Amino acid sequence: MAVEQTPAVDIALFGALGDLALRKLFPALYHLDREGLLNEGTRIAGLARHEMSAEEFRNTVAAALEKRVKADEREESVIKRFLARIDSIRLDFMNVESYAQIVEWRKGRTVPLVVYMSVPASLFGTISQHLQTAGCLDDTSRIVVEKPIGYDLKTSIELNDSIGSVFDETGIYRIDHYLGKDTVQNLLALRFANPIFGNQWNRDNISYVEITVAETVGIEGRWGYFDGAGQLRDMLQNHVMQVLCMTAMEPPASLDADSIRAEKVKVLKALRPITGDALRTNVIRGQYAAGQIDGQAVPGYLEEEGANTASSTETFVAIKAEIDNWRWKGVPFYLRSGKRMPRKETQIVIHFRQQEHNIFPGAAAGNKLVIRLQPDEGLTLEVQAKDGGLNAGENLVTGEMKLDFKTAFPQARIPDAYERLILEVMRGRQYLFVRRDEVEASWTWIDTLQDGFAEQGLKPEAYAAGSWGPKSANEMVTRDGNAWKEFF
Ligand SMILES: NC(=O)C1=CN([C@@H]2O[C@H](COP(=O)(O)OP(=O)(O)OC[C@H]3O[C@@H](n4cnc5c(N)ncnc54)[C@H](OP(=O)(O)O)[C@@H]3O)[C@@H](O)[C@H]2O)C=CC1
Ligand SMILES: O=C1O[C@H](COP(=O)(O)O)[C@@H](O)[C@H](O)[C@H]1O
């Protein structure tokens with residue numbers, strides 16, 4: 001199939017020597033170049049406060065590619081072409097006068113400027129203002145901002161206001177990298193291109209839904225950041241909520257950004273606030289203690305480097321969420337996400353109801369659709385079949401129909417989320433980016449939880465690293481007669 005050409009852009013990458021830029025953004029841009037998806041007129045300026053010649057900066061990027069791109073995907077000719085697009089600009093981000101260098105870099109250029117904020121959120125407002133004052137922007141300019149968008153509703157409004165005073169909403173690309181994962185986008189195809197599922201996707205046919213985003217990593221030297229956030233802000237408020245929205249939303253009229261985002265925001269607004277006693281029964285928080293991952297001993301959260309032994313920040317959260325709308329009334333959505341879980345796994349399990357009248361001996365299980373988002377991307381549909389052999393009678397057994405993406409589509413490389421997201425920024429398509437009202441609706445729901453924990457003095461329970469979280473996370477589900485699906 002012919003590759004859709006991308007328009008040329010100038011990318012001004014603020015924080016070009018930081019972790020995100022070197023670990024994710026430059027490798028993603030390289031892959032786009034290798035796939036023929038970077039217009040030959042596209043240029044990249046790495047902006048940093050350190051003095052560095054263009055040559056030194058290109059060497060730094062080359063070293064990052066060496067480390068982050070698989071050997072069989074590194075092509076000398078592409079690396080050379082890619083590095084030739086890169087300039088380096090030493091800039092004092094806080095000094096408006098130094099922005100004249102961006103104006104100089106853009107002299108004679110008519111392509112849109114893409115400003116990528118790979119810097120702490122506290123700088124987003126100042127950089128935006130300085131870009132405007134220095135005359136770097138026009139109405140084709142775009143800005144890409146990273147999560148976290150605020151710490152709560154109040155700070156997210158402040159942050160959105162400061163960016164919004166310079167950029168129009170149509171030029172703001174808020175990244176949630178889960179939306180860049182192929183398998184998360186595939187949820188749209190699964191639901192809206194397969195009537196066999198789409199027609200069953202409601203409270204009449206589904207008894208409950210599980211969404212698990214489990215990580216084996218701990219804090220990885222990020223205690224300072226993480227302790228101020230916790231798993232609820234770090235993972236639930238954004239990634240898990242986005243996956244929930246893609247699972248639960250109504251069919252959008254089209255793939256257009258506002259059609260999709262309007263449906264997602266309706267889900268967020270229909271989430272029932274969890275308050276009072278329900279906070280103890282429907283929200284379980286945990287903090288990992290020492291344990292083992294893959295047979296290796298790992299320290300507890302409070303023994304991690306930089307830890308404050310008094311911390312009561314959660315590293316695990318499980319929530320029974322309910323969506324008060326026509327489609328989902330009465331269907332629990334069990335959400336859970338934790339660090340130091342036994343394995344890295346993101347999956348959605350749809351539990352279909354069994355029919356009322358059963359003609360077979362014994363209880364017949366309902367169908368389950370397991371959607372594996374990462375790793376081992378694919379789908380499994382559990383179906384009931386008659387047990388084989390003459391002695392089996394009419395007994396039923398559960399079998400599996402599987403679609404493994406790597407086997408089914410061997411020619412397709414599963415791209416990193418940032419490749420897809422940067423591609424869509426260059427194309428000027430916002431459907432994979434989060435709109436302001438989504439961020440704010442999500443914080444509104446999360447703030448209710450945080451306020452309730454503080455008022456009731458609720459603290460996380462300990463769980464051993466390498467386990468699936470506190471026991472009460474299981475009890476929350478079994479109390480309803482349901483169960484988390486085990487991983488195999
Ligand atoms: N790393 C990741 O995987 C993820 C990061 N993010 C977000 O991406 C953004 C960047 O994160 P990350 O790369 O990890 O952070 P880093 O701290 O590694 O990088 C930030 C960069 O910004 C530069 N910087 C900070 N303050 C200034 C300043 N006043 N003037 C000039 N340069 C400055 C730093 O320069 P210097 O090197 O000189 O200090 C550094 O190069 C943050 O908003 C973060 O929340 C979001 C999701 C994942
Ligand atoms: O945004 C974040 O995501 C990562 C998990 O991302 P994944 O793509 O590896 O699933 C998480 O570890 C980190 O704490 C969080 O800030």
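How far apart do the end C-alpha atoms of residues 13–186 lie, and how much of the span is helix and how much strand? The ends are 29 Å apart, and the span is 42% helix and 14% strand. Helices (H or I, at least four residues) and strands (E, at least two) are DSSP runs, numbered from the N terminus. UniProt, in an unreviewed entry, lists residues 13–186 as "domain: Glucose-6-phosphate dehydrogenase NAD-binding"; UniProt positions follow the numbering used here, feature names are shortened, and annotations may be inferred rather than shown by experiment.

A word on what you are looking at. This is a predicted model, in which local features need pLDDT of at least 70 and side-chain atom pairs count only at pLDDT 80 or more, while totals for chains, interfaces and linings use all residues. Residues are numbered from 1 along each chain as its sequence is written, and chains are lettered from A and ligands numbered from 1 in the order in which they are written. The mean pLDDT (the predictor's confidence in each residue, from 0 to 100) of the protein chain is 95, with 99% of its residues at 70 or more. For the complex, the predictor gives an ipTM of 0.97 and a pTM of 0.96.

Now step back to the whole chain, which has 16 helices and 17 strands. Its radius of gyration is 24 Å, close to the 23 Å that the globule rule gives for 488 residues, so the chain is as compact as a globular protein of that length. Here the radius is taken over C-alpha atoms, and the rule is 2.2 Å times the number of residues to the power 0.38. Along the principal axes, the C-alpha atoms fill a box of roughly 80 × 55 × 45 Å.

Next, visit ligand 1. It is surrounded by 18 residues, the closest being Gly-15, Gly-18, Asp-19, Leu-20 and Glu-146; a residue is near if its C-beta atom, placed from the backbone, lies within 6 Å of the molecule. Helix 1 (residues 19–34) gives the largest share of this shell, 3 residues.

Finally, find His-239, which carries the UniProt annotation "active site" in an unreviewed entry. His-239 lies in helix 10 (residues 231–248). Is His-239 buried or exposed? It counts as buried because it has 21 C-beta neighbours inside 10 Å; the cut-offs are 20 or more other C-beta atoms within 10 Å for buried, 12 or fewer for exposed, and partly exposed in between, with C-beta atoms placed from the backbone. Leaving aside residues up to four places away in sequence, His-239 touches Asp-176, Tyr-178 and Val-213, where contact means C-beta atoms, placed from the backbone, within 7 Å.

Terms used:
Contact = placed C-beta atoms within 7 Å.
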